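Please examine the structure shown below. The account that follows takes up aromatic contacts and then the packing of helices.

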Amino acid sequence: MQSPSRTSAKRPIEERAAAEAGDSVAEHVDPADASLAQGHRFTQLAALGLAGVLGGAVPFLVLMTLVQAEWEPLIRLDLGVAARLNDFFSDIPFAVTVLKYVTEVGGGATAGFILGIAVVFMLVRRQFRLAAYLAFTALGLAILTPIAKEYVGRVRPDVALPLAELPSNASFPSGHAMSATVVWGALTLVALSVVRPSRRTALALAAVSFIILTGFTRLALGVHFVTDVIAGWALGALWLAAMTAAFRRWLRYRHEPVEPAGLGERPTLGLRLAPTREAVLPQGRRSVWLLAGTFVAITAVVTAAGLAAFGGSGENSVEAWDVSVTQWVLDLQTPALVDAAHTIGSLSGTWGIVAAVIAGVTLSLAYRGSWRPAVFVLVVVTGELALYAITSQVVGRARPLDTDYTSGLPQGGSFPSGHVAAAVAVYGALCALAIRYLRTAWRWATLVPFGAIVGGIMVGRIMLGAHHVLDTVGGLVLGALWLLAAARLLLVAPPQRPT
């Protein structure tokens, strides 16, 4: 007969086994029954994983065979859909713009970037198993896609009016459709275990809808056939199901607790809106009022300086010097320098800034478990955009010259340089976070790449004829003033009042 202490110590293990199997917890559970229940649950999960693998493999293999055999009904379907979608969207420029944005976010390099940020996030949070799952899933995606494309070697659609530049690689299967399936599917599986059960269905439906929408954009833009997109979904689902089944089996092999939903392991996010030791706003509402007052002051100073230098009816000595130095830089143009200016300028373009903000916010959340660094980055970015919009419109300085390099830019928005101001604000904010929170002397070394990026963008904007020299200086001053003010008000703790 067992002693009461041994019975009470053993009972929680048996009860947890029965609970995981979905049975009601009785007063006593036979270990053999609990083991049998877990065996049934594993069989169900294994069958589900096998169904996912076969559900991806069979459609992909069938489509690949029919495409290689050039089955006539399938070819007619592909050509007919491509032509009709091209005719429909070619007359709606706004829709084409939306399609291009969605296709960039849904798949390709952007999706890979987001998955990479998620891997680093998990590493910072010491979620090494989840980081390994995401990393190996991404690695398999990077290997499978070019192999499948090279094996089939299908040419891209030939539409009457191309709506997007055709990629140079093969058409079958769609890399964007496959990457959207793998990336957003993997991230959704990770998130399901931390989402309330009542919201899991909505999250899964949102992910599936976005994956389908990404595939549709490839058809609407005329860069893929229907079978390319379906094959991309199928191959992506195949790889995702295989990796997910392997990960859940790995957890069981290691005798780790397995969550019933999603990937099986719960991420320990540990995020709180305002931890006691680090409030979002160090001085409460006073921080908001001080930021607002600083915004008005910077707007007034930069605008007044711009109007004083360039607001007159004639060209003064300052403006004459600025124009002459700018022309001297333009005379140094070579194709290599122009290419270099475009490359470094992309760091402060729309996608470069968005990528830097996403990376900064995500990693600061992971490292600090607090919203204050994230709020700091967002305040710096939105404040800089508003400052540039107001000052550039009021000053209204014309750009140096109208060239192919500045096509599409507002001709009356030369002062201050928005690219330079954005670079100072965004990359300066990331540098400020490193200096404020890292506990190593090497944190000051972040000033070196920060200075190189800002300096390169300043020279590049002049080299492309987008700005005068003093325009870039104005952008530098605007971004630096706002960055320093936000750092002083949001990152530095207020002095303690004497008690």
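**Aromatic pairs and a helix contact**

Trp351 has a relative accessibility of 40% and therefore counts as partly exposed. The model in which this residue is described is a predicted one. Tyr101 is likewise partly exposed, its relative accessible area being 46%; both values fall between the 20% limit for buried and the 50% limit for exposed residues.

The structure contains seven aromatic pairs. One of them is formed by Tyr101 and Trp351, whose ring centres are 5.7 Å apart and whose planes make an angle of 40 degrees, a tilted arrangement. Elsewhere, ring pairs join Phe88, Phe89 and Phe216 into a cluster.

The packing of two helices may be considered next. Helix 8 spans residues 197-220 and helix 9 spans residues 226-253; their axes lie 9 Å apart and meet at an angle of about 150 degrees. Because angles over 145 degrees count as roughly antiparallel, helix 8 and helix 9 are assigned to that class. Their crossing is right-handed.

Which residues of helix 8 and helix 9 make the contact? Helix 8 contributes Ile211, Ile212, Gly215, Arg218 and Leu219, while helix 9 contributes Val226, Val229 and Trp233. By class, the residues of this contact comprise six nonpolar, one polar and one charged.

How values were computed. Residues numbered from 1 in each chain as written. Predicted model: local features only at pLDDT ≥ 70, side-chain atom pairs only at ≥ 80, totals over all residues. Heavy atoms only, no water. Axes fitted to C-alpha atoms, helices over the stretch in contact; angles between N-to-C directions. Helix = DSSP H or I, 4+ residues; strand = E, 2+ residues; numbered from the N terminus. Parallel < 35°, antiparallel > 145°, perpendicular 65-115°, else oblique. Left-handed = near helix turned anticlockwise from the far one by under 90°. Contact = heavy atoms within 4.5 Å. Nonpolar A, V, L, I, M, F, W, Y, C, P; charged D, E, K, R; others polar. Phe/Tyr/Trp six-rings, centres within 6.5 Å; stacked < 30°, edge-to-face > 60°. Buried < 20%, exposed > 50% of the residue type's maximum accessible area, 1.4 Å probe, protein only.
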